[in-house]
Amino acid sequence: MSQILLGKDQTLPNGLSFDGNTLVFAKRKVFEDTVTIKLIERTVTNLNVVVEESTQVKLILDIEDHLTEPSNYQINLETKENSNVKFLFIADIHNAHSDVSFMSKTLSDSNLEFVGGFISDKVDVKLHLDLNGKGANLKLRTIAVSSLNHEQNLDVRMVHYAPMTIAEMLNIGIAGENGIVRINGVGQIEQGMKQASDFQTLKGIITNDAAQIDVNPILIIDEFDVKAGHAATVGKLEEDVLYYLRSRGLSLAEAQKLIINGYLQPVIDEIDDEQIKNQVITLVNERI
């Protein structure tokens, strides 16, 4: 695994360049090692990432921010023709309020797998992912977790600007104590984008009556020759399952964590870097 601390002088891996606020992965190259980019205490808050054509890369962007003043992060990703990108985005921000904006542009015959973990104090996240080329493929998974006095607001939008594009969304929100999670999931297919496919699933889990989760699945379809669908559920953990686990010797907190980690497993499994996976699992379980 290659780790990069942006804003620091360092030698970059072969095929990778950084100029101004733009990070470029060279064309027709397979990056065997996962590339981890760490943004620590706002050394960089505006970042453009470009993956050139026919390139394959696994990329982790890890934001760690413990400064007290409000923050604003803007991340842009462009995956060019025939590229293959797995992008893991972790936001661990601790201040009174933060804004995070992620925008992506996916070109013809490229594949983008996006996994987001949002475990901040109070954050407004806007994820806007466009499919701009014929045959582009997008798979999106997010986790948002709130606990005592925390608030995670996610607006996730996938827009089809080309025919024969495929987009799939899974968003999971978990709230305990008096935590708040709000998730808006929008799938949009523009007119003329024939044989496009857009599906989304939103799940909300609360562990007590003081917690709040709102999930809003929205489809905006302006074409007939497409496939689309959505599903949304919000609820408490099942009492009979909790009872069964507690009858086997687990405490209530242990039983809740076991069930919630089961819900999260499809997202966690997308993280193939063990260090980052353990970091996400630890942060989530601290909040449950």
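Let us start with Q152, which lies in strand 13, residues 151-160; strands here are DSSP runs of E with at least two residues, helices are runs of H or I with at least four, and both are numbered from the N terminus. The model is a predicted one, in which local features need pLDDT of at least 70 and side-chain atom pairs count only at pLDDT 80 or more, while totals for chains, interfaces and linings use all residues. Residues are numbered from 1 along each chain as its sequence is written, and side-chain values use heavy atoms, with hydrogens and water left out.

With a relative accessible area of 0%, Q152 is buried; that word means under 20% relative accessible area, exposed means over 50%, and partly exposed covers what is in between, using a 1.4 Å probe and protein chains only. Contact means heavy atoms within 4.5 Å.

Another residue to look at is N171, found in strand 14 (residues 166-175). N171 counts as buried because its relative accessibility is 0%. Its contacts, again not counting residues up to four places away in sequence, are L140, T142, V156, I183, T201, L202 and K203.

A232 lies in strand 18, residues 227-236, and is partly exposed because its relative accessibility is 39%. A232 and L170 are 62 residues apart in sequence, with a C-alpha to C-alpha separation of 9.9 Å.

Now turn to T22 in strand 3, residues 22-25. T22 counts as partly exposed at 23% relative accessibility, and touches S17, N48 and V50 when residues up to four places away in sequence are set aside. Between T22 and E52, 30 residues apart along the chain, the C-alpha atoms are separated by 13 Å.

Most residues other than glycine have a negative phi. N82, which is not a glycine, has a positive phi of about 60°. Its place is in the loop between strand 7 (71-79) and strand 8, and N82 is partly exposed with a relative accessible area of 47%. Q195 likewise is a residue other than glycine with a positive phi, near 60°, and sits in the loop between strand 15 (180-189) and strand 16 (197-206).

What about the helices? Helix 2 (residues 252-268) and helix 3 (residues 274-287) pack at an angle of about 145°, their axes 11 Å apart; axes are lines fitted to C-alpha atoms over the stretch in contact, and angles run from 0 to 180 degrees between N-to-C directions. From helix 2, K257, N261, L264 and I268 meet K277, V280, I281, V284 and N285 of helix 3. By class, this contact has five nonpolar, two polar and two charged residues. Ala, Val, Leu, Ile, Met, Phe, Trp, Tyr, Cys and Pro count as nonpolar, Asp, Glu, Lys and Arg as charged, and the others, Gly among them, as polar.
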